Amino acid sequence: EWKVEKIYLVGFSFGAFPALFSKTPVERKILITPFVNWNLHKTHEEKELRKTLIFLEHAYNNVYRIDASAFLKELEQYNYDNHVNSLEKITVVSGTRDSITSTDEIQWLVEKFGAKHVQLEIEHTANLSEQDYAKLLS
């Protein structure tokens, strides 16, 4: 028999979007180097934006079987209001060596959703140390 005391929902990169807008009640949502707002992300440096678009074309067309441009159009039109409970605890993790996630996007998450911001010495990855995960879950 399992005794569940706390449930955390962790979303990395594109997985941060469904984690952020999940209706499942959890102790805390943790968004690691998130990609949730295309309107902010597309203003990021052209070189990094190109990497994102190349990733979308490869990953979404070959893995998820969806059209990347349709996905981005849907994200561009997404209404972020009224989709997150203002009482939810949200932590946003950015990496000092992450060239993919826009600092504007991190700031937007902090301001719009009252998220706590934690900056780690990481790149665009969810491969965190055990100590870093323990810190995020405390």
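**Around Asp98**

Modeller: Leaving out residues up to four places away in sequence, Asp98 touches Thr33, Ile122, Glu123 and His124, where a contact means heavy atoms within 4.5 Å. This is a predicted model, in which local features need pLDDT of at least 70 and side-chain atom pairs count only at pLDDT 80 or more, while totals for chains, interfaces and linings use all residues. Residues are numbered from 1 along each chain as its sequence is written, and side-chain values use heavy atoms, with hydrogens and water left out.

Asp98 sits in the loop between β3 (90-95) and α5 (103-113); helices (H or I, at least four residues) and strands (E, at least two) are DSSP runs, numbered from the N terminus. With 11% relative accessibility, Asp98 counts as buried, a label that stands for under 20% relative accessible area, whereas exposed is over 50% and partly exposed lies in between (1.4 Å probe, protein chains only). The side chain of Asp98 also makes a polar contact, at 2.6 Å, with the side chain of Thr101. Such a contact is a pair of N or O atoms within 3.5 Å; within protein, one must be able to donate a hydrogen and the other to accept it, and residues adjacent in sequence count only if both atoms are side-chain atoms.

Thr33, one of the residues that Asp98 touches, belongs to the loop between β2 (28-32) and α2, and at 0% relative accessibility Thr33 is buried. The phi angle of Thr33 is near 35 degrees, which is a positive value in a residue other than glycine. Ser13 likewise has a positive phi without being glycine, near 55 degrees; Ser13 is placed in the loop between β1 (8-12) and α1 (16-21) and is buried at 10% relative accessibility.

Thr101, the polar partner of Asp98, leads on to helix α2 (residues 38-41), where Leu40 lies. The C-alpha atoms of Leu40 and Thr101 are 9.8 Å apart, although 61 residues separate the two along the chain. Setting aside neighbours within four places in sequence, Leu40 is in contact with Ser102, Asp104, Glu105 and Trp108.

Glu88 forms a salt bridge with Lys29, with the closest N and O atoms 2.9 Å apart; the pair links distant parts of the chain, since Glu88 is in the loop between α4 and β3 and Lys29 is in strand β2, 59 residues apart. The term salt bridge means a side-chain nitrogen of Lys or Arg within 4 Å of a carboxyl oxygen of Asp or Glu. Lys29 is buried, with a relative accessible area of 1%. A further salt bridge joins Lys89 to Glu27, whose closest N and O atoms are 3.4 Å apart, and this pair too links distant parts of the chain, from the loop between α4 (68-76) and β3 to the loop between α1 and β2, 62 residues apart. Lys89, at 42%, and Glu27, at 28%, are both partly exposed.

To place this part in the whole, the protein chain has six helices and four strands, in the order β-α-β-α-α-α-β-α-β-α from the N terminus. Of its 138 residues, 38% count as buried, and among contacts between residues at least 6 apart in sequence, 63% join residues at least 24 apart.
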